[in-house]
Amino acid sequence: MSIQPIQKNSKLKFVDRKYCSCLQKVRTSQYKKQPGNYKKTKKQLREKKPITTSSVYNEYAVCNNSVYLSRGLKRDAMVNCSQNYDFDGLPLLSLQAYAIDKNMKITTKSGRMLSRKQLLKNIKSKVTAEKKRIDEGNLRIPKKMRKKTKKKDK
């Protein structure tokens, strides 16, 4: 039985569900294989430094290729997966991988791993804050993902 990371009542299209599911599976598998390298690579990406670990792949590129490009489609809009994940149904390892990807702490100040309950609380509060920014229109969207509007001649 495989774990479905997407909420059952999600309004995402089928292909977008596949994309979000793929992201979480790739995150989890990479974190499971090499937790240290995964953390290090994510930190280097955030700081825009050269990546020194070649064994960790960019899950966004992997999933875009395997879900969209393999079907001859182009992802022309940002897919908001965070709002559609069923975090309560995800195992601890997946939650930790998600938290690292989103630049969240997974350890306490003393170095112990956060409990599943605390990690869920932190993730849900971050997702709620992100949803609020989206609703207010304050979320930064990359230029290539913005909807193009036609200029009208007067």
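I began with the link between C22 and C63, which is left-handed, with -85° about the S-S bond. This pair connects distant parts of the chain, C22 lying in helix 1 and C63 in helix 3, 41 residues apart. I note that the model is a predicted one.

I then looked up the sulfur atoms of C22 and C63 and found them 2.1 Å apart, forming a disulfide.

Next I checked burial for this pair, taking under 20% relative accessible area as buried. C22 has 14% relative accessibility and therefore counts as buried. C63 has a relative accessible area of 0%, so C63 is buried too.

How many disulfides does the structure hold? I find two.

I turned to the disulfide that joins C20 to C81, where the S to S distance is 2.0 Å. C20 sits in helix 1 (residues 14–33), while C81 is in the loop between helix 3 (59–68) and helix 4 (92–101). The two cysteines are 61 residues apart, and I log the pair as a link between distant parts of the chain.

Are C20 and C81 buried or exposed? I have both C20 and C81 down as buried.

Counting bonded cysteines along the chain, I get the pattern 1-4, 2-3 for the disulfides.

Conventions: Residues are numbered from 1 along each chain as its sequence is written. This is a predicted model: local features need pLDDT of at least 70, side-chain atom pairs count only at pLDDT 80 or more; totals for chains, interfaces and linings use all residues. Side-chain values use heavy atoms; hydrogens and water are left out. A disulfide is a pair of cysteine sulfur atoms within 2.5 Å. Helices (H or I, at least four residues) and strands (E, at least two) are DSSP runs, numbered from the N terminus. Buried means under 20% relative accessible area, exposed over 50%, partly exposed in between (1.4 Å probe, protein chains only).
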